[in-house]
Amino acid sequence: MTFRYWISIVRLLSTDKHVRAGIWDGGWPLDLLQIWGAYTREGKGADLAQWLHAHLGSLEDGVGFGYADVLADADAWMLTKYMKEHVSEHSLSEAIKTTFSQSHTHRIARFYKSRFGGVADNIVRAFLPLLNGIDVGDANFTCTLGMLQGAANADTLPSMSEGAVLARAYAAFLANPHR
């Protein structure tokens, strides 16, 4: 199978630009679940939003979703986007050269604008459906809830309101990744 064939498959599987999280979205949804798990183990009753502000994207203490993870997720999505939009036998090397010529903070901010339109509510809308199971196309697989809980390493998944707090904390960091 050719490279162009695989790019066409990626285009077919990709979700709406600003809505649901999809398989080509990078690791940010699972990273949010991991930091949720860390909060349930280490937060000790702390306010979730404040705890996330202190830890999400941290250079020293990211507990599952540190600065390097945020950057890697942004880079993965931007590289995939570039390759989908510039299909050629050189698209990977061009994507790498274009992406990595920018500063870390610029790459994170560009991801936020490109993937979510720079709107926190779009991250909330993309993340919350995952809390009911993984979606593939229009089908929801609730049988994946145990796997998601395992990925979070938590006794429970976040509620919808807690999921919204997680998503908004992520949006706040993406909008201002200077820590």
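The model is predicted: local features need pLDDT of at least 70, side-chain atom pairs count only at pLDDT 80 or more, and totals for chains, interfaces and linings use all residues. Residues are numbered from 1 along each chain, and side-chain values use heavy atoms, without hydrogens or water.

The structure holds 10 aromatic pairs, with ring centres within 6.5 Å (six-membered ring for Trp). W28 and Y170 form a stacked pair (planes under 30 degrees apart), at 5.5 Å centre to centre and 20° between the planes. W28 lies in helix α2 (residues 28–42) and Y170 in helix α9, so the pair ties together parts 142 residues apart in sequence. Helices are DSSP runs of H or I, at least four residues, numbered from the N terminus.

Y112 and F116 are buried. W28, F65, W77, F111, Y112, F116, F127 and Y170 form one aromatic cluster.

F127 and Y170 also belong to the contact (heavy atoms within 4.5 Å) of α7 with α9. Helix α7 (residues 120–127) and helix α9 (residues 160–175) pack at about 135°, with axes 8 Å apart; axes are lines fitted to C-alpha atoms over the stretch in contact, and angles run from 0 to 180 degrees between N-to-C directions.

Methods
Helix = DSSP H or I, 4+ residues; strand = E, 2+ residues; numbered from the N terminus. Phe/Tyr/Trp six-rings, centres within 6.5 Å; stacked < 30°, edge-to-face > 60°. Buried < 20%, exposed > 50% of the residue type's maximum accessible area, 1.4 Å probe, protein only.
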